Amino acid sequence: MKGLEAIAFHNGWAISAVGISIVFTGLTLLALIISQLHKVLKLWDERGIYYERLKNMGQKEETTAMPDFPLPQNMEESARQFKLLTERMEDPFSLPELLKLSEKCGLSHPHSTMNALLRSKRIVPDGKGYFHWNE
Amino acid sequence: MENVTELLLKFISNTGFAMADYRYVIMILIGMIFIYLGIAKQYEPLLLIPIGFGILMGNVPVFKGLGLSIYENNSVLHYLYFGVTAGIYPPLIFLGIGAMTDFSTMLARPLLMLLGAAAQMGIFLTFLGALALGFAPNEAASIGIIGGADGPTAIFLTAKLAPNLIGPIAIAAYSYMALVPVIQPPIMKLLTSREERLIRMEEPREVSKKEKIIFPIIGFLLCCYLAPAALPLLGMLFFGNLLKECVVAERLAVSARTAIIDSVTILLGMTVGASTQGDVFLTPQSVSIFVLGALAFGVATASGVIFAKIMNLFLKEKINPLLGAAGVSAVPDSARVVQHVGQHEDPTNFLLMHAMGPNVSGVIGSAIGAGILWSFMAVPK
């Protein structure tokens, strides 16, 4: 048996197609892995830097919930009054309770004052839902 | 006086002169041509000289039964030939090849590995051609592997699938490897335009030591999990490379790429040559194998070049399509041919280091191809 008949009889077409596909697949996969290898090694070599960066990012989020913002001059007196109110409360204090107390005591613009105190970081969170003065 | 005459006549009848016929003479001439090509023309001398002399050794007619012929079980040559038939020598040669190969150009530009894959089309198209000529599938696979242009791989697979064809296949494979500078350039020039041959390649990036150490481990695991039958060849290739790159085992790497590979090359070449006895080798089958071998190299070269041109349709940074010819894993000859053909157009265009990438990936590809064919053809015992 010779010619195309022999090739078909011995399953030559399938063997050749599968064979060359496997060779291509193998070398393509190897090429893909090699092309990424130097990037993975670079990541591994610089893992200390990335760990430090992650650590610093976490600490920043704990201490600064909002960007820095100076307390306006006309709110210094309001801030002093709020401070006096918190001396009657537990430390750390609850922000809704402070707001309620400030309204009860008739302080002017309690919401905007509290907002300014938070933004200027005069009052800072303790991470457990309560707040304290940033001495 | 009669006894003396009788003894003399008996002696003369036992000499090679009395037992030789025209086939031995032809093979001796072929052996001398190989030696001439190796010494005078310096075509692959480390291969052609042992093979050529082995042909001379194998074509001295001997009296059967005295344990002299390579095919007689108790002969010295037969014991040395065991390394070929059992597939021992080729993996040891691959150990040495791994210990002397620098994979950094391939690691710097992994895309060029695909050219090595494309050139292995020569294996499978030659396999189809051998089937069409009436060879049995296992013989066709052994003939097809000539297209991988890798002598040890061809001998390894033939020893497993068609040991009766080791002689002609090995001679064909090594002959055409030596003739790569003659076979490839016309095909490369036919398939490429002048503009394409003038394409300059970008400088490759620097490859770190860690990459060169990790690569043989990853390469070995990936390739051998994909084609486990390639384990003896690729295992030794990557092991040798790891010995070289890790530096701490430099003594072992030096032994692998000097003493071990040289010793095995001597034994392999000499015994393969000696196996080509005139009465066994000079058959119509051998002529077919030689014709198919030439086709295999031509198809492999063409496949690599054409694939490079196809890749250029999708790439922004074009690659020089001549590099496709380097996918034929005759290391480093086909890479040198690429350099030579490229420099013929532009003497300042240095393609050799870029060509080494597809060249060494062709070695890996041909070993995978051999493993695949072996796994398709082998009948488990």
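A residue counts as buried if 20 or more other C-beta atoms lie within 10 Å of its own. The views below are taken from a predicted model.

**View 1. Helix α6 of chain B and its buried residues.** Helix α6 covers residues 89–100 of chain B, twelve residues in total. From its first C-alpha to its last, α6(B) reaches 17 Å, close to the 16 Å expected at 1.5 Å a residue. Eleven of the twelve residues are buried, and the helix is mostly covered. The buried residues are B:Tyr89, B:Pro90, B:Pro91, B:Leu92, B:Ile93, B:Phe94, B:Leu95, B:Gly96, B:Ile97, B:Gly98 and B:Ala99. Their packing partners are four helices of chain B: α5 (76–85), α11 (151–161), α16 (231–246) and α17 (250–274).

**View 2. Chain B as a whole.** Chain B holds 21 helices and zero strands. Its radius of gyration is 22 Å, close to the 21 Å that the globule rule gives for 381 residues, so chain B is as compact as a globular protein of that length. The C-alpha trace spans about 90 × 45 × 40 Å along its principal axes. Of the 381 residues in chain B, 56% are buried. Among contacts in chain B with a separation of 6 or more, 75% come from residues 24 or more positions apart.

**View 3. The largest nonpolar core.** This core has 139 residues. The members that touch the most other members are B:Ile169, B:Ala230, B:Leu234, B:Leu323 and B:Val338. Helix α21 (residues 352–377) of chain B gives the most to the core, with twelve residues. Another core, of eight residues, lies apart from it, and its members include A:Phe93, A:Ala116, A:Leu117 and A:Ile123. In soluble globular proteins, nonpolar side chains tend to be buried together.

**View 4. The surroundings of B:Leu323.** Leaving out residues up to four places away in sequence, B:Leu323 touches B:Leu112, B:Leu115, B:Ala308, B:Val338, B:Leu351, B:His354, B:Ala355 and B:Pro358. One of these, B:Val338, is also listed with B:Leu323 among the core residues that touch the most other members.

**View 5. Helix α21 of chain B.** This helix has 26 residues and reaches 37 Å from its first C-alpha to its last, close to the 38 Å expected at 1.5 Å a residue. Of the 26 residues of α21(B), 22 are buried, so the helix is largely enclosed by the rest of the structure.

**View 6. The loop at B:Ser193.** B:Ser193 lies between α13 (180–191) and α14 (194–197) of chain B, in the loop that joins them. The residue is exposed, because 10 other C-beta atoms lie within 10 Å and the cut-off for exposed is 12 or fewer. The C-alpha atom of B:Ser193 is 9.5 Å from that of B:Pro321, although the two are 128 residues apart along the chain.

**View 7. The contact of chain A with chain B.** Chain A puts 27 residues into this contact and chain B puts in 36 residues. On the side of chain A that touches chain B, α1 (3–9) and α2 (12–45) each supply at least two residues. The most comes from α2(A), with 20 residues. By class, this side of chain A has 17 nonpolar, nine polar and one charged residues.

**View 8. The two domains of chain A.** The domain assignment gives domain 1 (3–62) and domain 2 (73–133). The C-alpha centres of these two domains of chain A lie 58 Å apart.

Definitions and conventions. Residues are numbered from 1 along each chain as its sequence is written. Chains are lettered from A and ligands numbered from 1 in the order in which they are written. This is a predicted model: local features need pLDDT of at least 70, side-chain atom pairs count only at pLDDT 80 or more; totals for chains, interfaces and linings use all residues. Domain bounds come from an automatic or database domain assignment. The radius of gyration is taken over C-alpha atoms; the globule rule is 2.2 Å times the number of residues to the power 0.38. Two residues are in contact if their C-beta atoms, placed from the backbone, lie within 7 Å. Ala, Val, Leu, Ile, Met, Phe, Trp, Tyr, Cys and Pro count as nonpolar, Asp, Glu, Lys and Arg as charged, and the others, Gly among them, as polar. The expected span of a helix is 1.5 Å times one less than its number of residues. A nonpolar core is a set of buried Ala, Val, Leu, Ile, Met, Phe, Trp, Tyr and Cys residues joined through C-beta atoms within 7 Å.
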